[in-house]
Amino acid sequence: MKDETKKKKMSQLEEPQFFYISLSQHIGNPAAEIVKTGDYVKRFQLIGESQGNISAKIHSPVSGNVKDIIEKAMPNGANVKTVVIENDFQYIEEETVKREIRNLSSYSEKELLKIIENAGITGEGGAQFPAHIKYDVKDKRIKNLILNGAECEPYLTCDYTLMKEYTRELFDGIKIICEILKPENIILAIDEKYSALESEFQKYNTDNVKILTVSDIYPQGSEQLLINSILNKEIPKSKLPAEEGIIVSNVGTVKAVYEAFSYGRPLVERIVTISGEKSGEYGDYIIKIGTPLSHIIKKSGLKDQPENVRMIFGGPMMGNEISDLETGIMKGTSGVLFLSKEIDRIERKNCILCGYCSEVCPVYLMPMKFEEFYRKGKYKKLLEFNLNSCIECGACEYICPSRVALIESIKSGKKELAKGKGDKN
C-alpha cells in the first residue's frame with residue numbers, strides 16, 4: 001500500500017484530550033520525571049530530564065495539566081514511567097530561541113551538540129539512539145555521512161513524505177550536521193522508487209550532497225546493509241560505524257535537527273504513516289508524541305473490531321504489535337498499521353531444519369539455532385552464535401514454513417543476556 005499513501009497529501013492529525021508520554025523513548029536510561037501530578041505544563045516544556053551516559057530529554061507536546069504519572073508498557077513490552085497530560089487546547093508555549101542558518105558557522109560543535117541535546121532528538125528510523133551522542137565523534141575523522149531515506153519496510157512512506165514536503169528543511173538540517181561532523185562525503189540514500197524526488201533535491205543541494213538510489217530490497221534500510229550497499233564495506237561486529245569513519249542518520253532525525261536549530265523546537269511530533277488493509281483512512285500524518293492508539297483508531301477508523309485486527313507500531317516486519325489502546329506514539333514510531341489477523345491462525349510447528357531462515361538472513365546468522373538455544377535455556381550458546389548481531393528484520397520468520405517463533409525467541413534471548421543470566425540447569 002505504499003503507492004496508496006504516497007498519493008495522499010500529508011495532514012495534521014487532530015489532537016486527543018489525553019497524551020501518554022513515555023519517559024523511555026530512546027536507547028539507554030529512561031528520563032527522570034521533573035513534573036508531578038497536578039502541575040501545569042506548557043508546550044515544549046521539559047518534563048523528563050536525561051540521566052546517565054546515554055539518555056535523552058522528554059518534552060510536553062501540548063499545554064495542559066499533568067493528570068498522572070504511571071507505569072505503562074512501551075510498544076516493546078517493557079514497563080516504564082509514563083506522564084499523562086490533559087490537553088487544554090490553549091497551545092501556550094515555552095519561549096524558544098530562533099537562529100538563522102546563514103549564521104551557522106558562528107556556532108561551535110559543542111554549542112550545536114547542546115542544541116540537539118536540549119531538543120531531546122533521537123533517531124527516528126527505529127533505533128532511537130540519542131542524536132547528540134551519535135554526532136559527538138570527538139577525535140574520530142568522519143569520512144562518510146549517509147542520510148538514510150531508503151525506507152524499505154512495506155506500507156511505510158513517512159520518510160518519502162518528509163523528503164517531498166520538507167526538502168529545504170532537510171538540506172538545511174544536513175548543513176547543521178555537517179558543521180558538527182565535517183565529513184568528506186555526504187550521501188543521501190533513497191529507495192529507487194523515490195527517484196522522482198531527485199529533481200526537487202537539486203533546487204536545495206548546495207553542499208554537493210550525492211543522491212544515491214538503492215535497490216528496493218528488504219531490509220535495505222538497515223544501517224549495516226546500507227553501508228555495505230553504498231560503500232562496499234562491512235563494519236566489524238565489535239565496532240560502531242563511527243569508529244570506521246561513517247555516520248548514518250535517518251532523514252527524519254535530520255529534519256528534527258533543523259527544527260531545533262532554526263526554531264528552538266524540541267522533538268514533540270513526527271510524521272507517521274497510518275495504513276493497512278483494516279484501516280478506514282490511510283496516509284501520512286503529523287502526529288504529536290504521546291498520542292494514544294485509541295485516538296488514532298477513532299480518527300482513522302477500522303474496518304473491523306480492534307480485537308480482530310493486528311495493530312502495529314512501526315512496520316510489519318520490525319514493528320511491535322500493540323494491544324493496550326493507551327499506548328502512545330513514540331519518537332521512533334514510523335507507522336501505525338492495522339492488518340488482518342489471518343496469519344495468526346496459521347499453526348506454529350517445530351523446526352524442520354530446512355535452512356530457509358539462514359539463507360535469507362541479511363547478516364549471515366542461523367536463526368533456527370537462536371530458537372533452539374533460547375527454548376533450552378542455553379543462553380551462552382546464543383552469544384557463541386552472535387545473537388547480538390541480529391538486526392531483528394523478521395525475514396527469517398517471514399520465510400519459515402513452520403511458523404517457528406524466531407523473532408520472539410531472538411528478542412527474549414537478548415533480554416536474558418542483558419540481565420546477565422547464565423544457562424538454565
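## Salt bridges across the chain

A salt bridge is a side-chain nitrogen of Lys or Arg within 4 Å of a carboxyl oxygen of Asp or Glu. Side chains of opposite charge can pair when their charged atoms come close. This is a predicted model, in which local features need pLDDT of at least 70 and side-chain atom pairs count only at pLDDT 80 or more, while totals for chains, interfaces and linings use all residues. Residues are numbered from 1 along each chain as its sequence is written, and side-chain values use heavy atoms, with hydrogens and water left out. A search of the whole structure finds 38 salt bridges.

One of them joins Glu 269 to Arg 43, with 3.5 Å between the closest N and O atoms. Glu 269 belongs to strand β13 (residues 269-275) and Arg 43 to the loop between β4 (40-41) and β5 (46-49), so that this pair links distant parts of the chain, 226 residues apart. Helices (H or I, at least four residues) and strands (E, at least two) are DSSP runs, numbered from the N terminus. For cover, buried means under 20% relative accessible area, exposed means over 50%, and partly exposed lies in between (1.4 Å probe, protein chains only). Arg 43 is buried, at 14% relative accessible area, whereas Glu 269 is partly exposed at 27%.

Glu 326 lies in the loop between β16 (320-321) and β17 (335-340), and Lys 72 lies in strand β7 (residues 64-73), so the pair ties together parts that are 254 residues apart in sequence. Glu 326 is partly exposed, with 32% relative accessibility, and Lys 72 is buried, with 10%.

The salt bridge between Lys 255 and Glu 259 (3.2 Å, N to O) sits within helix α8 (residues 251-263), where the two residues are four apart, about one turn of the helix. An α-helix has 3.6 residues a turn, so residues three or four places apart point the same way. Both Lys 255 and Glu 259 are buried. Elsewhere, salt bridges that share partners join Glu 15, Arg 43, Glu 93, Glu 269 and Lys 288 into one network.

## Overall build

The protein has 14 helices and 17 strands. Its radius of gyration (taken over C-alpha atoms) is compared with the globule rule, 2.2 Å times the number of residues to the power 0.38. The radius is 21 Å, close to the 22 Å that the rule gives for 425 residues, so the protein is as compact as a globular protein of that length. Along the principal axes, the C-alpha atoms fill a box of roughly 60 × 50 × 45 Å.

Of the 425 residues, 53% count as buried. A contact means heavy atoms within 4.5 Å; among contacts between residues at least 6 apart in sequence, 70% join residues at least 24 apart.

## Helix α5

Helix α5 covers residues 167-181, which is 15 residues. The expected span of a helix is 1.5 Å times one less than its number of residues. For α5 this gives 21 Å, and the end C-alpha atoms are 21 Å apart, which agrees.

Twelve of the 15 residues of α5 are buried, so the helix is mostly covered. Among them are Leu 170, Phe 171, Ile 174, Ile 177 and Leu 181, together with the charged residues Glu 169 and Asp 172. After α5 comes Lys 182, whose phi is positive, near 50 degrees.

## Backbone details in loops

Two further residues other than glycine have a positive phi near 55 degrees: Asn 208 and Arg 403. Asn 208 is in the loop between α6 (198-201) and β11 and is exposed, at 71% relative accessibility. Arg 403 is in the loop between α13 (395-399) and α14 (406-418) but is buried, with a relative accessible area of 12%.

The peptide bond from Tyr 218 to Pro 219 is cis, with omega near 0 degrees. Pro 219 is found in the loop between β11 (210-214) and α7 (223-231).
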